[in-house]
Amino acid sequence: MSMIGEALTLPNGVTLKNRIVKSAMSEALGDQNNNPTQAQIDLFANWSAGGAGLLITGNTPVDRMHLEHAGNFVLDPATDREKVSALVAAGQSGGAKILAQLAHAGRQAPEAVNPRPVSISDIRLDLPGYGKPDAATEEQLADVIAKFTQSAQCAEAAGFDGVEIHAAHGYLLSSALSPRINTRDDRWGGPLENRARLALDVVRSVRAAVSPGFIVAVKLNSSDFQKGGFGPEESVKVAVMLEAEGVDFIEISGGTFEAPTAYQHSAKSQSTVAREAYFLDYAAAIKAALTIPLMVTGGFRSASVMNAAISAGKTDLIGMGRPFIADPRFAAKLLSGEIDKAPAVEQDFPPADTLPRGAVLNWFCTQLALVGETGKPDLSLPVLEGHEAYLNRIDVATERLLAARS
Ligand SMILES: Cc1cc2nc3c(=O)[nH]c(=O)nc-3n(C[C@H](O)[C@H](O)[C@H](O)COP(=O)(O)O)c2cc1C
């Protein structure tokens, strides 16, 4: 039975036409002033025509000094509202709803963008290219909450159907949840209630500032997959706290920059179950504790696995990322039965530990830019060429950003 084709009405009354969601993927196609470009607008029109029920933008920073990439588009009062509204209209043109993924990179802001980022503590990211952060003061944390709220209001004014607050993958809100990174001994650190305070205060402030019909979702890690990090038992508890704040759905992912489990890929030789839906078992415990819908992202490819996950009550929405790059219009084909599996090109690559760090992810980033600029990817591009091309793109975007800033 096709569960993925069924509509879903969220707690705030908004109905998604089906269960397939394009999860956030940093487009890095913004201009030097962090406004969306035509390539980015075209990308969302392409995805919307492709049939998914919901599209979530890539990392959309709430603070210009805390980008995840120099080419992010930012939502603040200085943003070009017309360009953002054009992106939103493109995203809605095929009948999808569209959310802006609001994020503060914290210590994961690249050093070239911010050599001294604000984080929850002064613990530096254990990777080259990231500056030593300062532990946020009370005033800076109040500013973070105000900036998320301001961005949500900008998103609503531009016509977005809602926002997804990024509290996963090691960015600021995620690092605040982690006992490994959050070493504070004030009201923002220590017991889980304190570590969750920043995410909860952000959600409460955003929910109060937008209309009831505006979707407020949260992306949360099932686990950081790091020793001493945020883990599955605490994730269930935080999900319950988020539900109490009026969140419309929670998306489950996992990992951080240091432990990049969100984008894992395994060889074709592994069983379908091992390859697909790697956060689903963690998510099942979260789903059992919630009444609001859950979205699980990471590895889903076969319609049969997706339908079984929904039928078994383990998730309500199926998030996917990389298939939307390999074929921006695969969703309609999967929904109609024309194909029974989303593209899984990552399975053709050698294991990640035999390649330079981030090579496969960077190859996908290059393909994403190509889809925006030309309408389709070039899947024949060798992995290392795609990797290098992305590193060059980052350099160019960073130079442009720094020149525009000065
Ligand atoms: C190129 C690329 C960029 C990504 N950027 C983001 C992002 O900005 N925010 C986010 O929450 N996840 C991001 N992700 C993670 C995806 O949303 C998703 O969790 C991950 O790709 C696993 O899903 P998949 O197996 O269907 O690709 C990104 C993934 C890729 C491949």
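**Close-up views of a predicted model**

**View 1. Surroundings of Phe 160.** Setting aside residues up to four places away in sequence, Phe 160 touches Thr 57, Phe 73, Leu 75, Val 84, Leu 87, Val 88, Ile 98, Leu 99, Ala 100, Ala 155 and Phe 214; contact means heavy atoms within 4.5 Å. This is a predicted model, in which local features need pLDDT of at least 70 and side-chain atom pairs count only at pLDDT 80 or more, while totals for chains, interfaces and linings use all residues. Residues are numbered from 1 along each chain as its sequence is written, and side-chain values use heavy atoms, with hydrogens and water left out.

**View 2. The largest nonpolar core.** This core has 99 residues, and those with the most contacts inside it are Phe 160, Leu 198 and Ile 250. Helix α3 (residues 138-158) gives the most to this core, with eight residues. Apart from it lies another core, of 14 residues, including Val 14, Ile 215, Ala 217 and Phe 249. A nonpolar core is a set of buried Ala, Val, Leu, Ile, Met, Phe, Trp, Tyr and Cys residues joined through side-chain atoms within 4.5 Å. Buried means under 20% relative accessible area, exposed over 50%, and partly exposed in between (1.4 Å probe, protein chains only). Helices (H or I, at least four residues) and strands (E, at least two) are DSSP runs, numbered from the N terminus.

View 3. The ligand is surrounded by 23 residues, of which the closest are Ala 24, Gln 101, Gly 299, Gly 321 and Arg 322; a residue is near the ligand if one of its heavy atoms lies within 4 Å. Oxygen atoms of the ligand lie 2.9 Å from an N or O atom in the side chain of Lys 219 and 2.8 Å from a polar backbone atom of Gly 299.

**View 4. Ala 52 in its loop.** Ala 52 is found in the loop between α1 (38-49) and β4. Ala 52 counts as buried because its relative accessibility is 0%. The C-alpha atoms of Ala 52 and Phe 324 are separated by 9.7 Å, although these residues are 272 residues apart along the chain.

**View 5. Asn 12 in its loop.** Asn 12 is found in the loop between β1 (8-9) and β2 (15-16). With a relative accessible area of 19%, Asn 12 is buried. Leaving aside neighbours within four places in sequence, Asn 12 is in contact with Pro 212, Gly 213, Phe 214, Ile 215 and Asp 248.

Methods. A polar contact is a pair of N or O atoms within 3.5 Å; within protein, one must be able to donate a hydrogen and the other to accept it, and residues adjacent in sequence count only if both atoms are side-chain atoms.
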